[in-house]
Every structure is written in structure tokens, then in C-alpha cells.
Amino acid sequence: MEELNGILCIDKPQGFTSFDVVAKLRGIAKTRRIGHAGTLDPMATGVLPLFLGRATKACDLLPDQDKRYTAVFRLGLETDTLDITGTVVSEHPVEVSEAQVREAASRFTGEILQVPPMYSALKVGGKKLCDLARQGVEVEREARPVRIHRLDFLGYDPAAQTYTIDVSCSKGTYIRTLVADIGRVLGCGAVLTALRRTEAAGYDLGGCVTLEEVQGCADAGRLPDLLRPVSSAFGRLAQVRLAKAQDRLFRNGVRLDTARLAFFENGTRLGRVPEGNLSVYSSEGIFLGIARAAGGELRLVKLFVLEV
């Protein structure tokens with residue numbers, strides 16, 4: 001069976017870890033080479049881009065690593081996991097208005113510092129924080145900068161004291177921690193009760209498929225039809241198109257003079273090649289890989305074609 005190469009966007013079901021989904025796809029696709037863009041907690045659902053075969057090389061190069069979530073949180077509770085699946089550690093009366101909740105949340109937009117939760121996959125001293133937490137061990141965690149691009153309120157249930165929010169944020173943001181921090185500012189605590197990722201790595205729910213749909217396509221021999229080309233992950237990058245002679249040199253790792261390259265942005269040919277990462281295409285429009293332009297030279301970063 002020929003190895004599958006491309007990107008498959010899964011709508012992750014609740015109760016599955018991201019690794020569970022990867023393991024399931026390894027069985028369905030009969031391949032070991034699968035990576036993913038952004039871990040999701042078991043309680044969370046939504047966009048989980050999987051990278052199969054040669055596409056796994058793209059995971060560390062993604063130009064768009066922002067995320068977007070629809071989240072529901074409840075006031076008046078605090079748990080050890082910062083979400084509703086954990087053990088309740090305290091309960092508080094809720095004596096804040098909707099306006100106060102909105103004002104508290106507004107303090108967490110822009111560049112902020114977050115302390116990663118103990119129940120997370122981050123490692124300290126080679127050990128996962130979640131494993132330490134299950135042993136009753138808590139270690140000091142350094143606050144890390146993250147960015148909340150937007151935080152909008154979508155709904156409010158006064159009887160349940162729950163709020164629904166739409167959050168656009170940078171890579172590494174913990175929505176559980178964001179919710180807990182809002183609860184802390186309000187003085188009554190808050191826990192995450194539902195989380196759905198609606199965008200990741202430039203992909204949204206509209207392009208996702210379920211595990212059941214993947215299995216059905218695999219059974220029908222149509223699994224390759226679900227795959228997106230690896231070039232789709234780099235749609236935000238400017239493009240360089242090479243002449244045939246430059247193509248051969250590039251594939252062999254030769255640095256090219258940027259002054260002699262054809263540079264395109266949104267399909268329009270422009271002048272000077274900008275510095276930074278670029279998508280590189282052959283004269284026939286075949287995606288070759290990612291290169292970096294600096295100091296007047298174009299240097300190969302990752303090659304995504306088999307022929308060299």
C-alpha cells in the first residue's frame with residue numbers, strides 16, 4: 001500500500017485524547033507517520049489537523065499557529081483541573097453581574113501572562129505535569145506570555161451562572177487557565193464546562209471530518225480523497241516560483257540569488273523577494289517546499305517532494 005501524504009482535519013470527539021485520535025488513524029491509514037497541530041484535552045472537541053507521511057515535516061513550520069475556541073464556563077466553582085471534570089476544591093456564592101463578568105474578561109485580552117495548569121502535558125524535569133498532579137505533587141510553574149486576540153461573549157444563562165465565549169488566541173494558550181483567572185478576578189471562581197476548537201493552523205470546522213467518516217472512506221478505498229495537500233498549510237506565506245534550472249539547484253540544496261527569482265503574493269507577481277520563510281513552487285506550479293530568504297539568498301528549509 002502506497003504511503004498516504006497530506007493533511008486530514010478531524011473533528012475530535014469528546015473523550016478522546018489527541019494521541020487517541022492519532023492512534024486510531026494509524027490503524028485506519030496503516031501508517032506510523034502521523035503528527036498533529038495542537039493538543040486537545042479529552043473533554044474538548046473540534047479541529048485537530050493531522051499530518052500524514054511526508055506532511056509530518058510541516059508540523060514545526062506552520063505559519064499560522066493561532067487557535068480559536070467556543071468555550072462555556074460556570075461561576076462559583078473551583079476544581080483541581082480547572083474544568084468540570086476535576087475534583088471540586090471550593091464553592092462560592094455568585095454575587096456578580098453580567099457587566100462585571102464582561103469587564104473582568106476584558107482584562108485578559110492582548111498580551112498576558114499565564115501559569116500553565118498542573119493538569120497539562122508540559123514537562124518539568126522530564127516529567128509531565130499531569131503525571132505529577134495525579135501523584136499529588138505540585139511544582140512551581142513559570143508564567144508564560146500568550147496573546148488573546150479577541151474575546152467575545154456569545155451567551156449567558158443566569159440560572160446556571162454559565163457564560164459562552166468565543167476566543168481567538170495564540171499557540172500555548174490554556175482556555176482553562178483563562179477561565180480560572182477570570183473567576184479569580186471576580187472572587188467567586190470559575191471552571192470550564194465545555195470547549196470546542198473552531199480553528200487551528202488555518203483550518204476550520206467546515207473542512208473537518210469525523211472518525212466515522214474517515215473509517216467509511218477507508219473501507220471504500222477513498223481515504224486519499226479526504227487529504228488536503230501539504231501546501232494548504234502554507235497558504236499565508238508569499239510564494240516564489242522557480243525556473244527549471246533553479247528548480248534542480250533548489251532540490252539539491254543550492255542557495256539561490258533572490259534577485260533572480262519570481263516572487264508572487266496572492267497570485268500577483270511582485271518585485272523584491274521579502275526576507276523570511278516562503279513557499280517555493282516549480283515552473284509547473286508544483287509545491288516543492290519551504291525556503292528562507294535572507295541576505296540576498298534563498299536557502300532550503302524543508303523539501304516536500306520525493307524527487308531530488
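**Exercise 1.** How are H2 and H4 oriented to each other: parallel, antiparallel, perpendicular or oblique?

*Solution.* The structure is a predicted model, in which local features need pLDDT of at least 70 and side-chain atom pairs count only at pLDDT 80 or more, while totals for chains, interfaces and linings use all residues. Residues are numbered from 1 along each chain as its sequence is written, and side-chain values use heavy atoms, with hydrogens and water left out.

Step 1: The axes of helix H2 (residues 98–106) and H4 come within 9 Å and cross at roughly 120°, where axes are lines fitted to C-alpha atoms over the stretch in contact and angles run from 0 to 180 degrees between N-to-C directions. Helices are DSSP runs (H or I, at least four residues) and strands likewise (E, at least two), numbered from the N terminus.

Step 2: H2 and H4 are therefore oblique to each other, given that angles under 35 degrees count as roughly parallel, over 145 as roughly antiparallel, 65 to 115 as roughly perpendicular and the rest as oblique.

**Exercise 2.** Identify the residues through which H2 meets H4.

*Solution.* On the H2 side, Gln 100, Val 101, Ala 104 and Ala 105 are in contact with Ile 182, Val 185 and Leu 186 of H4, contact meaning heavy atoms within 4.5 Å. By class, this contact has 6 nonpolar, 1 polar and no charged residues, where Ala, Val, Leu, Ile, Met, Phe, Trp, Tyr, Cys and Pro count as nonpolar, Asp, Glu, Lys and Arg as charged, and the others, Gly among them, as polar.

**Exercise 3.** Locate the salt bridge of Arg 176 and describe its surroundings.

*Solution.* Step 1: The whole structure holds 13 salt bridges, each a side-chain nitrogen of Lys or Arg within 4 Å of a carboxyl oxygen of Asp or Glu. In one of them, Arg 176 pairs with Asp 41 at 3.0 Å, N to O.

Step 2: Because Arg 176 lies in helix H4 (residues 175–186) and Asp 41 in the loop between strand S2 (34–36) and strand S3 (45–52), the pair ties together parts that are 135 residues apart in sequence.

Step 3: Arg 176 is buried, at 5% relative accessible area, whereas Asp 41, at 26%, is partly exposed; buried means under 20%, exposed over 50% and partly exposed in between (1.4 Å probe, protein chains only).

**Exercise 4.** Describe the salt bridge between Asp 181 and Arg 184.

*Solution.* These side chains meet at 3.6 Å, N to O. Asp 181 and Arg 184 stand 3 residues apart in helix H4, so about one helical turn separates them. Asp 181 counts as buried at 14% relative accessibility, whereas Arg 184 is exposed at 53%.
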